[in-house]
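Open the model in a viewer and keep the selection panel at hand. The stops below follow one another by selection.

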Amino acid sequence: MSDLSRFQDAFARTVFAGGDAELQPALADPAAAGGLDVYRNNVLTALVDGLAKDYPVVERLVGRDFFRGMAAEHVRNDPPRSAVLTLYGGGFPAFVAAFPPARDLVYLADVARLDRAWIECLFASDSDPLSPDRVGALDDDAFAVARLAPHPSARLIASPHAAYSIWRTNREDDVVTPIAAAGPETALIWKNAGAVRHRRLGDGEAAFLHALFSGAGLSDAAGDALAVEADLDPLLTFASLVAGGVFDSLEGDAA
Amino acid sequence: MTAPPPPHAGIGLKPEHYRAVRECGDAGLWLEVHPENYMTDGGPRLAWLELIRADKDVSLHGVGMSLGGDEPLDVDHLKRWADLVGRFDPVRISEHVAWSRRGGVYYADLFPLPTTREALDRLCANIDQMQTALGRRILIENPSLYVPLARELDEPEFLVEACRRTGCGLLLDVNNVYVSAHNMRRDAGAYLDAIPADLVGEIHLAGHAADAGGRDLLIDSHGAPVADAVWALYAHALARVGPQPTLIERDADIPSFDVLMEERGRAETALTAAKEPVHV
């Protein structure tokens with residue numbers, strides 16, 4: 001191994017894991033090792049700040065100090081693998097779910113998933129969604145078996161708790177509104193004309209979209225929806241989702 | 001033959017200023033972005049940059065290539081870079097003389113490089129790889145330093161040698177010269193005097209801060225106006241290398257667009273006044 005590689009291994013361990021004994025031989029002036037704290041601080045601060053920006057509701061719920069402690073531990077456990085930090089932190093919701101000090105907040109990990117879905121949605125492709133005209137042009141047979149992929153920006157977040165209601169009021173309201181529901185809740189987050197949209201789905205609608213996003217054909221998905229909500233109108237539900245821009249273009253559509 | 005007009009001053013493009021920049025009628029204003037922030041499938045940053053690029057020059061200034069890392073460059077990252085270069089046709093491309101990637105982890109900072117012959121060879125190989133992948137000449141930026149490392153060459157000598165061997169140019173960050181000179185107990189003026197004028201293709205100006213930890217260190221924070229001492233060093237640099245496109249960098253505690261443009265105006269005035277250098 002080259003001297004340069006040995007130095008870089010030691011430096012990375014020193015500023016990321018603490019302790020600077022093994023780096024001493026590489027320093028021209030060991031007395032100036034205090035400067036290493038600048039790098040230690042930069043690395044952690046930049047990444048923790050980034051997580052705080054991307055998980056604003058989680059931070060609001062647990063408070064700044066708790067959040068920064070939790071985020072710093074996540075950064076050490078699961079540092080970035082890419083120089084593109086815009087979407088760093090995808091593993092944070094799972095980390096939160098397994099973080100013992102947060103165990104009492106049973107909905108916190110699902111709130112984190114909603115924060116994550118919002119940021120992924122914002123930076124997803126702005127490609128044209130499936131157009132109502134394109135759907136209208138399908139004959140009955142093709143319509144029944146049509147498989148519709150979600151628009152690249154669309155995310156379904158299901159929770160056994162009232163995670164979406166908690167998330168929405170903490171994200172949008174200066175003074176949070178009391179949450180009446182206990183859950184479960186499923187939310188849809190998607191992008192329409194460049195803006196992130198989100199709403200809570202009814203039970204039938206949630207089953208319908210879950211089936212479609214899992215690759216089921218339209219008539220099978222409608223069956224799933226009716227099984228949980230017998231008086232749902234699947235056609236009307238579908239038309240409104242298409243009009244909202246929730247689906248990706250069908251194969252063969254011009255982009 | 002008339003002399004070309006002097007180069008202009010630009011600002012680092014921040015999301016807070018997208019609309020104001022788009023609506024700004026100053027023909028000389030150019031913008032610099034960190035390409036990493038635009039490596040997304042879609043979203044508002046790319047949409048704004050398209051609008052702004054329609055009538056203003058844009059330069060790409062990378063922070064994540066890890067040119068000094070003792071391993072080949074990340075080819076996925078190079079591919080994303082090449083896509084942005086193709087899409088936005090930047091007027092200049094630059095990266096840092098630093099490293100940030102090791103063993104598959106990205107450390108999100110600019111770690112320092114010892115100025116050894118071995119490090120120089122690695123840096124040159126990586127600059128070659130980047131220039132080849134992008135099909136463009138790049139500029140490399142002098143670092144801000146907080147710990148003294150092994151040294152076989154003085155830093156200007158190290159940078160100049162890298163430029164001569166790879167054909168790249170220098171992005172002279174005057175604030176970094178000032179900060180490193182203070183932290184490493186070097187002479188900032190002597191540093192500038194060791195930089196050949198013909199290598200410099202861009203200049204950076206930024207604010208710094210005293211170390212909050214109480215050590216006698218200056219931190220390259222980009223979170224304050226450019227210090228008077230750095231403006232004085234900038235005048236020294238202009239007198240030596242001549243007018244070069246100059247960027248006001250501000251990444252924290254972002255002021256209003258108008259306030260930032262006033263600071264940019266100060267650089268613009270200095271550039272207009274600067275004479276071509278006497279080559280020595």
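Begin with helix H4 of chain A, residues 64-77: its 14 residues reach 20 Å from the first C-alpha to the last, close to the expected 20 Å at 1.5 Å a residue (the expected span is 1.5 Å times one less than the number of residues). Helices (H or I, at least four residues) and strands (E, at least two) are DSSP runs, numbered from the N terminus. This is a predicted model, in which local features need pLDDT of at least 70 and side-chain atom pairs count only at pLDDT 80 or more, while totals for chains, interfaces and linings use all residues. Residues are numbered from 1 along each chain as its sequence is written, and chains are lettered from A and ligands numbered from 1 in the order in which they are written.

Next, select Phe67(A), Met70(A), Ala71(A), His74(A) and Val75(A), the buried residues of H4(A). Buried stands for 20 or more other C-beta atoms within 10 Å of the residue's own, exposed for 12 or fewer, and partly exposed for values in between, with C-beta atoms placed from the backbone.

Move to helix H1 of chain A, residues 3-17, and pick Phe16(A). Is Phe16(A) buried or partly exposed? Phe16(A) is partly exposed, because 18 other C-beta atoms lie within 10 Å. Beyond neighbours within four places in sequence, Phe16(A) is in contact (C-beta atoms, placed from the backbone, within 7 Å) with Val43(A) and Tyr107(B).

Now select the buried residues of H1(A), among them Leu4(A), Phe7(A) and Phe11(A). After H1(A) comes Gly18(A), with a positive phi near 90°.

Finish in chain B, where a closed barrel of eight strands runs E1-E2-E3-E4-E7-E8-E9-E12 with parallel pairing (two strands pair if DSSP finds at least two bridges between them). Zoom in on E2 (residues 30-33) and E3 (residues 58-61) of chain B, parallel strands joined by three bridges. Val33(B) has Leu60(B) as its bridge partner in E3(B).

Technical notes
Two residues are in contact if their C-beta atoms, placed from the backbone, lie within 7 Å.
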